[in-house]
There are 2 protein chains.
Amino acid sequence: MVAVDATHDPQLTSWVASANAAGSDFPIQNLPFGVFRRAGSRESFRGGVAIGAEILDLGALAPAQPFSGPAGQALAASAQPALNALMGAGAAAAAALREALSLALRAGSPLEQRLRRLLVPQSAAEYTLAAEVGDYTDFYASIHHATAVGRLFRPDNPLLPNYKWVPIAYHGRASSLRVSGFEVTRPTGQVLAAGAAVPELAATRRLDYELEVGAFIGRGNALGEPVPIGAAEQHVFGLCLLNDWSARDIQSWEYQPLGPFLAKNFATTVSPWVVTLEALAPFRTPWTRPPGEPPPLSYLDDTGVRRAGGFDLELEAWLETASMRAAGLAPQRLSHSNFRDSWWTVSQMVTHHTVNGCNLQPGDLLGSGTQSGPTPGEAGSLLELSGGGKHAIALARGEQRTFLEDGDRVTFRAWCERPPFRRIGFGELTGTVRPARAAR
Amino acid sequence: MVAVDATHDPQLTSWVASANAAGSDFPIQNLPFGVFRRAGSRESFRGGVAIGAEILDLGALAPAQPFSGPAGQALAASAQPALNALMGAGAAAAAALREALSLALRAGSPLEQRLRRLLVPQSAAEYTLAAEVGDYTDFYASIHHATAVGRLFRPDNPLLPNYKWVPIAYHGRASSLRVSGFEVTRPTGQVLAAGAAVPELAATRRLDYELEVGAFIGRGNALGEPVPIGAAEQHVFGLCLLNDWSARDIQSWEYQPLGPFLAKNFATTVSPWVVTLEALAPFRTPWTRPPGEPPPLSYLDDTGVRRAGGFDLELEAWLETASMRAAGLAPQRLSHSNFRDSWWTVSQMVTHHTVNGCNLQPGDLLGSGTQSGPTPGEAGSLLELSGGGKHAIALARGEQRTFLEDGDRVTFRAWCERPPFRRIGFGELTGTVRPARAAR
């Protein structure tokens, strides 16, 4: 596990004033990486680091070669239009760059004048994926989600016998990954109406969000070489938010026997900023099995190596309908949960994924699966919140929802908070539902 | 559907003598594309075309700019170390290049002397993937395979209700795709022994092959823009052989509810040569549903557009054990089937994949799923041939197999043959099983 060091000192302040504001997602203790350019411009995308309400433009900083050694090499890699090279350089390189940036952005830094010209307001930026994702894998790591969904799809058999042993996952679609702000078109697909003998092609009537954590792979592993559990976090660059948009009616008709396909692959969105494991070091939580539950097989058991495999990371999903927007009403929170309740840790996902020799590559993306908590209010999807569409969720002004409607905007937020440390935020992941293609 | 034109004339011969031999996989009527270099060299990989026992080096040919117009542009694209740009240029560009190469390689061509210096014997070459595969999707298009496997996994419910309506598929792993010749390490994973309450981590005891056809995507489609069935073949560059190596014991324990994952993603191999749809034009077969079976939903029904969506493509799988090899015995054929028996066509796969707006990109790979035929002898996997491991398959010299053993070499072959046309072959896809990592 990454150690808590001087970069986490809650007393540190930045010469970027907005970074010092209470409640900022991006204090100097965070320094997440992303890929951006000025909105509406034809500039090249390049790496940047969020600091307060600003972005430090790493593409503009790199040619000045302000850092030497590993930090300098990592800076050069981060100037590119995708951060795969930075991610692949390994945890030590990213840590060296983060430390150099922490020094450079600190109040009193001699670099302040040079760097001030390289700030771009986040409000003036647009983003793309932080990496070219070779493969995207989605796990199913919340036992609370698996149980709740299992109850809807298989009332007699909610949690399958393999769940407590196998970090269940499936391969997702890399080509339809998009960054926050992407407008998701309601997908069309085969659905089987209740009682019907023949399916029909229709726009989904059960469009849902899934509140997930994403993990970008750092250093890869060669095909045939598993990553042992004690080394797994050395292969993780950082975390982000992920919305695994899902069409539940398409899913229930197509998913047997080979799993979800068109119900998921029309779009998956991620937040622009990738928060490094270094920044999250103060917020690790013990990972244990509840009493009476079986321990994992030894290849997945890292309690001997570290006792804090989890992340105390608060997660939220908010909904703003078109009529809320028109009326100027605030969005309404529908889901809140915490990543510490995940049955499987990120390390376990990495090690399980590679135990058969499967090779992960820098910039690959893992999804955690919907993170639902132990209480009904902590459900991370509308499928769960509405009991499979049976119970409408009441919204402001008499509106209600079972699933998403056209014009709905979904926003995810996540943050870590544990005094005396500064809050570490993930920023936002938003997406708005567009009408189905045939209806436009 | 691609038309039969002068490039298919069975009377055509090449100045490359080996291309004219009866039974050659690569007569001048074929001209498949691949990516190669001299074996053991440090040369760059580049595109080539198979002709008889030779490869015409397109990387060496391109700088001379022997062709003008679309053929010349396609040639430049084919000189690269991956053929994504050629594939993305569309069917007309690839057809123009194939026609120009057909003229240049014909007996009496004025280009003979210039091109003869650019031939590399296939026996002196090594290959890599024809494209950088962004996403790999595996279908389940043989109803005979689905029924046989369903009977083993779900005796009471072999063919699920969605099968005849939905071209079932799942996303596979792109990072572990390898070309013919790759040695596949027996994977380790969680398995549940019969009667056991707790799984164990073990090298698979049920390693299998799956005899499949691969399809490389040519021109892509934008996210949100489905490909109608009548245009689907314009998005397919060509076909190859594909072995979806599978660990059946890992698969049966992990696959519910999200489908196969570690049971498949340790390696998937493809043949080096991609046979274009142009070359396959004389071998198309009518695509119809047997009497009494439901027609597909209209978005998947191309009988109004063309009546020959299938491919009359013979498929074979051969096994050579280590002891056969030591004794100099010939490999033994285990599987033979024909792609014309597929329940779903390649066009239907493309259209279904995109009906929800999912974007395919040039060089993406589709697998057909195991192609098994209607009779028991036409099973395309050991799982089927051995009845789930219950009935050993007798080999020469008293050997037998239920699943693959270390040292086994699996070879797939495929070809089209329909007089008076010249035989169009796919070459070979081979792979040898290495012992599990822990056992080495």
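Rings of Phe, Tyr and Trp (its six-membered ring) count as a pair if their centres lie within 6.5 Å; planes under 30 degrees apart are called stacked, those over 60 edge-to-face, and the rest tilted. Over all chains, the structure holds 16 aromatic pairs. This is a predicted model, in which local features need pLDDT of at least 70 and side-chain atom pairs count only at pLDDT 80 or more, while totals for chains, interfaces and linings use all residues. Residues are numbered from 1 along each chain as its sequence is written, chains are lettered from A and ligands numbered from 1 in the order in which they are written, and side-chain values use heavy atoms, with hydrogens and water left out.

**Aromatic contacts**

- A:Phe261 and B:Phe139 have ring centres 6.1 Å apart and planes at 80°, so the pair is edge-to-face.
- This pair crosses between chains: A:Phe261 is in the loop between helix H7 (248–254) and strand E16 (268–270) of chain A, and B:Phe139 is in strand E6 (residues 136–139) of chain B.
- Helices (H or I, at least four residues) and strands (E, at least two) are DSSP runs, numbered from the N terminus.
- Both A:Phe261 and B:Phe139 are buried, where buried means under 20% relative accessible area, exposed means over 50%, and partly exposed is in between (1.4 Å probe, protein chains only).
- One aromatic cluster is formed by A:Phe26, A:Tyr127 and A:Trp273.

**Charge over rings**

- A charge sits over a ring if NZ of Lys or CZ of Arg is within 6 Å of the ring centre and within 35 degrees of the ring normal.
- A:Arg289 lies over the face of A:Trp343, at 3.7 Å from the ring centre.
- The charged end of A:Arg289 also sits over the ring of A:Trp344, 4.8 Å from its centre.

- Strands of a sheet pair through backbone hydrogen bonds, either parallel or antiparallel.
- Two strands pair if DSSP finds at least two bridges between them.
- In chain A, five strands make an open sheet with mixed pairing, in the order E9-E26-E25-E20-E21.
- Strands E9 (183–185) and E21 (332–338) of chain A are at the edges with a single partner strand each, so one side of each has no neighbour in the sheet.
- From one strand to the next, the twist averages 20°.
- E9(A) and strand E26 (residues 424–434) of chain A run parallel and are joined by three bridges.
- A:Thr185 has A:Arg434 in E26(A) as its bridge partner.

**A loop residue of chain A**

- A:Ala330 lies in the loop between helix H8 (322–327) and E21 of chain A.
- A:Ala330 is exposed, with a relative accessible area of 59%.
- The C-alpha atoms of A:Ala330 and A:Ala396 are separated by 9.5 Å, although these residues are 66 residues apart along the chain.

**Buried elements of chain B**

- Strand E14 (residues 236–243) of chain B has eight of its eight residues buried, so the rest of the structure largely encloses it.
- E14(B) pairs with strand E13 (residues 211–217) of chain B in the antiparallel sense over seven bridges, and B:Val236 in E14(B) stands opposite B:Ile217.
- E14(B) and strand E17 (residues 275–276) of chain B run antiparallel, joined by two bridges; B:Thr276 in E17(B) is the bridge partner of B:Gly238.
- Two bridges also join E14(B) to strand E16 (residues 268–270) of chain B, again antiparallel, with B:Val270 in E16(B) as the bridge partner of B:Leu242.
- Helix H9 (residues 346–354) of chain B is mostly covered, with nine of its nine residues buried; among them are B:Met349, B:His352 and B:His353.

Notes: Axes are lines fitted to C-alpha atoms, for helices over the stretch in contact, and angles run from 0 to 180 degrees between N-to-C directions.
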